[in-house]
Each structure stands twice: as structure tokens, then as C-alpha cells.
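Please look through the structure below together with its sequence.

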Amino acid sequence: MFYAHSGRCEDLKSWQPLVDHLRATADLAASFGRPLGIDRLAFLAGLYHDLGKYSERFQQRLAGKDIHVDHSTAGAVEMMTRGAQTSPVERLMLELVAYCIAGHHAGLPDRKNETGAGLDRRLALDLPALDAAWKAELGELSPVDAVSLVPDVLKTFCREDADFSLSVLARMIFSCLVDADFQETEAFYDQLEGRSRDRTWPALTDCLPRFVTRFETYMAEKAGAGGDLNRLRGDILRHVRLKAKEAPGLFTLTVPTGGGKTLASLGFALDHARIHDRRRIIYAIPFTSIIDQTAAIFRKVLGDEYVLEHHSAIDEEKWQKGRKEHRQQADKLKMAMEDWAAPVVVTTNVQFFESLFAARTSRARKLHNIAGSIIILDEAQTIPRPLLKPAIRMLDELARAYGCSIVLCTATQPALGKDRLDGGLPLEGRELAPDPQGLATKLRRATICMIGDMSNADLTDALAAQTQALIVVNSRKHALELFQEAANADLEGLNHLTTRQCAAHRREILENVRTRLVEGKPCRVIATSLIEAGVDVDFPKIWRAEAGLDQIIQAAGRCNREGRNAPEDSIVTVFSAPDYPPPREIKSLMGDMDRMRKAHGHDLQSLAAIEAYFGEVYWRLGDNGLDAKQILGDFTHSSRGTDYAFRTVAEKFRMIESGMVPVILPWDDKAREAIRQLAVEGISSGKLARTLQTYVVQVPPKARALLLENGKAEFIAPKLRGDQFCVLTDEELYREDVGLMWEDAEYLSAEQLMI
């Protein structure tokens with residue numbers, strides 16, 4: 001008898017027979033792959049993934065012998081061996097399965113890798129001999145000899161770009177395999193230990209009647225408020241919902257700020273899912289600063305228990321204080337973060353795109369559940385330009401080969417169509433909004449005014465002259481120094497908003513800002529660009545430091561948002577800040593913006609100006625700038641087979657590369673309790689990281705080193721957690737008004753001065 005997993009040491013009957021694990025994993029992987037049309041390949045990957053456990057050495061290890069055994073490579077060797085005996089296309093399919101089997105623990109490998117982790121090097125290893133029993137136990141289950149392994153999805157591939165398509169196919173097989181392996185192993189140990197878990201989520205199709213009813217009730221209440229703006233939002237919504245019958249694929253939704261894009265896109269998604277039998281709705285947001293805001297709307301409309309919010313911490317206290325089923329729901333939400341099994345997922349662009357290019361098993365598990373989804377990309381223009389080409393290539397693949405409908409949703413639509421961008425998306429005739437140009441005129445809420453230099457003293461005077469106003473600058477340094485100068489002027493209702501503050505703190509500041517704005521109280525805010533991406537605030541006047549046109553228009557979306565004032569009275573003043581040179585990328589965008597001002601100075605907010613601006617940016621960057629890390633070139637083939645660099649690409653595809661490192665703030669009781677739990681061995685680092693992520697401030701590496709060196713911060717429980725959790729210990733360095741002053745790390749605190 002060969003075993004997959006050990007049970008109670010004294011009772012071999014409690015151990016899991018290997019053939020049972022392989023059969024169950026194969027069946028589960030096939031069920032995951034069936035909606036994608038790759039069930040045979042997924043079954044094969046599941047059946048052979050642990051082939052190396054049919055060795056005496058692995059069984060000795062399972063019995064407690066302290067030896068290392070590679071059990072992940074044997075199945076990959078078998079796939080390559082069989083591939084050499086089949087047709088070229090079946091050989092290719094088996095090669096993809098080999099990548100998946102070899103990587104089902106350590107992550108998808110590169111074909112070639114000098115560190116020894118590459119597939120070729122592993123295939124050449126001297127592996128433990130396999131017992132012949134495996135052929136008897138698995139032979140009759142294998143589909144290789146009886147059924148063609150070539151899936152229909154290959155018919156969607158373009159010959160000239162087949163390698164990228166094949167790499168995505170490999171990722172989908174891998175996702176089916178690792179999710180099935182994890183869940184099957186989890187089920188075995190749960191049964192052994194008498195645990196029960198609820199991983200079951202209702203299917204979106206079953207939820208849709210309820211969702212649509214709730215959505216229409218919610219929208220009827222909003223329409224009842226009356227007013228021209230609400231009537232226009234209603235017109236937009238009706239038009240967008242009528243478009244839901246269009247064939248699945250790629251869409252754009254071009255609606256200016258204030259036109260109700262979020263709810264209109266949700267209405268489209270609900271109707272489109274019902275008509276075309278889509279499997280889930282995924283809403284991806286560019287910044288964590290607004291994910292709570294959007295997820296709250298979705299929960300209010302659809303129901304709290306159906307929406308998974310990934311990349312924001314679950315409110316532990318909310319569930320722990322409740323009934324037993326509430327605690328179970330919290331566990332269910334945490335598990336769903338691993339595989340996105342919920343009918344509605346609200347996440348970030350970072351989580352979404354980096355998962356699609358990931359090599360690690362933990363991130364790749366969810367990919368098979370992305371297939372067949374409606375994906376709404378909010379603020380589509382924020383996809384980092386150095387990664388734009390691989391990102392849109394992935395979107396195109398999801399739409400063409402895996403049944404996804406993707407909505408590029410923004411007020412400043414990037415020129416991503418084939419007619420504007422080499423290698424662009426097929427977007428012609430796929431606009432969901434009624435008359436985008438007319439909407440841009442009707443929903444114009446502000447007037448952009450370009451002026452010259454403004455010093456901090458000038459900006460402080462401008463704030464003093466307004467009861468409510470917003471200033472947006474390009475750097476934390478400028479924001480801090482301007483705030484300090486404005487604070488010396490004793491301006492009432494002054495707020496500072498930058499990434500010096502942790503997200504939990506910024507959320508409190510924004511709640512206070514919104515309240516003061518609504519109540520007409522003095523409210524003056526100095527912020528970095530983080531306030532521009534969908535943050536729901538409404539100022540009568542705004543000053544914006546020079547930047548790209550898209551950023552300026554996003555800033556304008558925070559001015560007169562609800563249309564209470566005339567556009568000509570709602571001024572967005574764009575100024576130069578000679579004492580604060582902009583970052584290099586923004587400086588380049590300012591040049592593009594200047595050319596648009598000369599060509600479209602009369603109407604910088606027009607769709608023509610926006611489209612011309614993005615065209616200018618993409619032309620200037622070229623292919624090298626839009627795939628700056630040459631990711632698309634990492635998937636090639638030759639006469640000897642594929643040369644796919646999965647692990648290298650995963651390391652390259654980073655949407656946020658600030659070069660900064662995290663420091664955790666003990667901001668409130670919830671943060672302090674999570675910090676205390678870092679010393680508790682039984683609590684996973686992943687759970688604590690999710691809780692603490694809203695209490696993090698990113699600082700320069702040298703600044704954190706200085707904090708550590710001077711005893712202002714420390715790594716908590718390093719023997720248990722390593723250097724994962726650096727916590728600020730001198731709380732005087734975190735100020736209520738400006739956030740973390742890491743520059744003061746060498747100063748002694750008041751307590752340290754006491755003798």
C-alpha cells in the first residue's frame with residue numbers, strides 16, 4: 001500500500017491511500033476545468049501530480065524518517081516521456097501539464113533557470129525509483145491513450161502569438177490542479193480531525209433574481225430623489241442595461257465622474273450574467289483607498305453575505321461578536337480569498353493582474369474561477385504603462401478563450417483600441433454609454449484654468465480665501481511642507497492626506513472631510529494624488545499641481561461633483577511648483593499635456609483631447625515603454641519545445657514598485673490586538689497580515705533601518721515570523737495631523753529624555 005498523507009501514527013487505516021488522493025484530485029481538477037473546456041488536461045495533471053510518492057523513499061519520509069524527497073518531478077518526467085510518443089500538438093499539451101505538475105508545490109517553473117529550479121534541470125535529476133504499482137493503479141484511469149488531449153480552446157489562439165496563449169492555458173491547468181490538490185488534502189485532514197468547513201457559495205445564476213430585484217429597488221429609491229443629475233444617471237443606466245444582450249467580450253463604459261459609472265456597470269453585469277450565463281462578477285479597483293467605498297455599495301445593494309472583498313481586512317470583531325454562523329461566515333470569506341469562489345468579488349488591480357501572472361500556488365489557485373466571469377476594470381487608465389502591453393494581452397486572452405466579458409470603465413478612456421494602439425483590443429462598436437461625447441458636455445462640472453507658478457505662500461493664501469478647498473500636489477514632501485505652512489496660518493478645518501498615514505487613519509480623515517463638506521463647515525485639504533482615484537468628495541474649488549491630462553481630469557472629478565454650482569464658477573486651477581520638481585514620469589506626462597493644451601486648449605476635457613493625449617503618451621513610449629520588462633518575449637518556442645519563463649515573469653510583473661518597505665502602526669485597539677497575536681504560534685501570518693494591512697505605512701528602506709537602529713521600531717516575534725512584521729514602537733513619531741515622521745527617527749522621545 002502506498003500512501004499520500006499520514007494520519008495517526010499508530011493506525012495506518014487512518015492514512016490516505018495514494019491512489020485515492022490521486023483519483024479524487026484528478027476528478028476535482030477536471031470539474032474545475034470543465035467550464036473552461038480543459039477538463040481532460042486538468043484530470044491528467046491531478047492524476048499524476050504526486051506520482052513521485054510511489055517510491056520507497058517517500059513512504060519512509062511519510063513514516064517519519066528525516067529525508068528530503070522530490071515527489072513533484074516524477075509526474076513531469078512521465079508527461080515528457082509520453083509526449084515524445086504522441087503527435088506534436090499532444091506533445092505540446094503534455095509539456096504544459098509537465099510544467100504544472102513540477103510546480104504544484106513550489107510554483108510554476110521557468111523552462112530554463114540557472115538556479116536549478118528550472119524545468120529542464122529538474123527533468124534531468126536522478127530521482128528515486130518508482131514502484132511498478134503505479135502503472136497498475138493509474139493505468140486504467142489515464143485518458144492519454146484513449147482520448148485526444150487537445151482542447152477546443154486552441155481554436156481561439158492566433159498562430160502568430162500562440163505562445164502567450166499557451167502560457168495562459170498552462171496557468172489555467174495549473175490553477176485547476178493546485179486548487180483541487182489543496183481542497184482534497186484539506187478535506188482528508190478535516191475528516192480525520194472531525195472538522196467541518198463551509199466552502200460552498202451559491203452560484204451567481206441562482207442569486208440573480210434576488211440581485212436584480214434588490215438592484216432595481218435600490219435604484220428606484222435613488223431616482224425618487226429627483227433632480228436633473230439623477231434623471232441623467234437614470235438615462236445612462238437604462239441605456240447600459242439594454243446593451244447587456246450584446247455578445248460577451250470586451251466593452252468600454254465612458255462616463256464622466258458623477259454619471260453613476262459604478263452602479264451602471266453593476267446593472268450591466270447583472271443583466272449580462274443572466275442573458276449569457278456568466279459565472280461571477282469581479283470588480284477590480286485601482287487603489288486600496290477606495291475598495292471599502294465600492295464594496296460597501298455592492299453589499300448594500302446585493303446583500304452582505306454574497307460579496308467577497310479581497311485585499312481589505314475582514315472586520316474580525318464584527319464576526320467574532322456575533323452568532324456562531326457569523327464566525328463561520330468569516331472563515332468562509334477567508335477561504336474564498338484563496339479561490340474567489342464567491343458570486344461577487346471586489347478586489348484591486350494589483351491582486352487581479354498579479355494573480356494572472358503569478359507563479360505561486362497561493363495566488364494561482366483562483367484563476368480557473370476568473371474564467372467565465374464579468375470583469376469590470378474601474379479607472380482602466382491606471383494600468384501601469386510599463387506593463388500595459390502584457391496586461392491588455394491577458395485581457396484579450398480572457399475574453400477570446402475563457403468566456404470573460406470585460407468592461408473598461410472610466411471617465412478618461414485610455415486609447416486601447418486596435419485603431420489607436422498597435423496590438424490593441426477589439427473595442428470598435430463596444431461602447432456601453434449613450435453618446436459619450438454628449439455626456440462629457442452634460443456632465444462637465446468644472447472649468448480647468450492653467451496658470452503659472454505658485455509658491456506655498458500663494459497656495460496658503462488661496463486656501464485662506466476659501467471656506468472649502470482642495471489642493472493636490474505630486475509628492476509627499478510638497479504636501480507635508482505646504483500643510484505645515486498652512487497650519488502656521490491657523491486655517492480652520494485644515495486636513496493633510498497622504499500615504500504617510502495608514503489606510504485606517506486616512507479612512508477616518510475622509511469621513512470627517514465628507515461630513516464637514518456636507519454640513520458646509522470649513523474644510524481645507526492638502527493631499528497627494530491618492531485622493532483622485534474615485535474618492536467620493538465634492539469641493540467647490542481645487543488647485544492641482546501640473547501633471548498628465550488624465551490626472552488633472554481625475555482631480556476635476558472631485559470639484560462640484562454633485563453639480564450644485566455652475567461649471568464656470570467651479571475652477572480647477574493647474575499651477576506650477578518650481579520648488580518641487582515633479583517625478584520623472586510625471587514630468588514626461590506634463591510634456592504630453594502641454595502639447596494637448598496647444599492643440600485642444602479650448603476644451604481639455606473633451607473626449608477628443610483625452611484620446612489624443614493617450615495616443616501621444618503611447619506613441620512616445622513605444623513598444624519598449626509599454627512592455628518595459630519585455631514580458632511578452634519571455635514566452636517562446638523552438639524545435640525542442642516551449643521555453644516559458646513563468647517564475648521570471650511573476651517576479652517582473654509588479655504593478656507597484658515603490659522601492660519602499662512597510663512599517664506597521666499600532667493605530668487602534670484592533671491593530672494592537674493583531675500585533676499582540678504575532679507572538680501566538682497558532683495564528684497564521686497570512687491572517688494577521690490581512691488584518692494589519694490597513695495599518696501599514698510604506699517608508700524608504702534607509703528610513704526603516706534608522707527606525708530599527710534607534711529603537712523606534714522592531715520586528716515582532718522574529719523567531720516565529722522572521723522579518724515580516726516591523727512595528728513602530730515609538731508612537732510619538734506618528735502624528736495625528738501628518739502621519740509618520742520617519743525623518744525624526746534619530747531624535748529622542750520625551751520619555752527617553754527623562755532620567
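Helices (H or I, at least four residues) and strands (E, at least two) are DSSP runs, numbered from the N terminus. The model is a predicted one.

Is Trp340 buried or exposed? Trp340 counts as buried, because its relative accessible area is 0% and the cut-off for buried is under 20%. Gln630 also has a phi near 55 degrees, again positive in a residue other than glycine. Gln630 sits in the loop between α25 (607-626) and β15 (635-638). Its relative accessibility is 39%, so Gln630 counts as partly exposed.

Next, consider a helix and its cover. Helix α23 spans residues 549-556 and is mostly covered, with eight of its eight residues buried. These residues are Leu549, Asp550, Gln551, Ile552, Ile553, Gln554, Ala555 and Ala556. What lies over them? The cover of the buried residues of α23 includes the strands β8 (405-410), β9 (447-453), β13 (542-545) and β14, together with the helices α24 and α25.

Ser167 belongs to helix α8, which runs over residues 162-193. Because its relative accessible area is 1%, Ser167 is buried. Which residues is Ser167 in contact with, leaving aside its neighbours within four places in sequence? They are Phe635, Tyr644 and Phe646. Leu356 is in helix α15, residues 349-356. Leu356 is likewise buried, with a relative accessible area of 1%. When neighbours within four places in sequence are left aside, Leu356 is in contact with Arg171, Leu367, Ile370, Met394 and Leu398.

Charged side chains come next. Side chains of opposite charge can pair when their charged atoms come close. How many salt bridges does a search of the whole structure find? The search finds 43 salt bridges. One of them joins the side chains of Lys112 and Asp643, at 3.7 Å from N to O. Lys112 lies in the loop between α5 (88-102) and α6 (119-123), while Asp643 lies in strand β16 (residues 641-644), so this pair ties together parts that are 531 residues apart in sequence. Lys112 counts as partly exposed because its relative accessibility is 48%. Asp643, at 25% relative accessibility, is also partly exposed.

Another salt bridge forms between the side chains of Asp120 and Arg640, at 3.4 Å from N to O. Asp120 is in helix α6 and Arg640 is in the loop between β15 and β16, so the two tie together parts that are 520 residues apart in sequence. Asp120 has a relative accessibility of 22% and counts as partly exposed. Arg640 is partly exposed as well, with a relative accessible area of 42%.

A further salt bridge lies within one helix. The side chains of Arg595 and Asp592 meet at 2.5 Å, N to O. Why can these two residues face each other? An α-helix has 3.6 residues a turn, so residues three or four places apart point the same way. Arg595 and Asp592 are three residues apart in helix α24, which means that about one helical turn separates them. Arg595 is partly exposed, with a relative accessible area of 37%, whereas Asp592 is buried at 0%. Salt bridges can also share partners: in this way Asp161, Arg393, Asp396, Glu397 and Arg400 are joined into one network.

Asp453, Asp458, Asp461, Glu485 and Asp579 form a negative surface patch. Where is Asp579 found? Asp579 lies in the loop between β14 (571-576) and α24 (584-600). Asp579 counts as exposed because its relative accessibility is 59%, and the cut-off for exposed is over 50%.

Methods: Residues numbered from 1 in each chain as written. Predicted model: local features only at pLDDT ≥ 70, side-chain atom pairs only at ≥ 80, totals over all residues. Heavy atoms only, no water. Patch = residues over 30% accessible without salt bridge, like charges linked within 9 Å, V, L, I, M, F, W, Y side chains within 5 Å. Areas by Shrake-Rupley, 256 points an atom, 1.4 Å probe, with all protein chains shown as cover. Salt bridge = Lys/Arg side-chain N within 4 Å of Asp/Glu carboxyl O. Lys, Arg positive; Asp, Glu negative; His and termini not counted. Charge placed at Lys NZ, Arg CZ, Asp CG, Glu CD. Buried < 20%, exposed > 50% of the residue type's maximum accessible area, 1.4 Å probe, protein only. Contact = heavy atoms within 4.5 Å.
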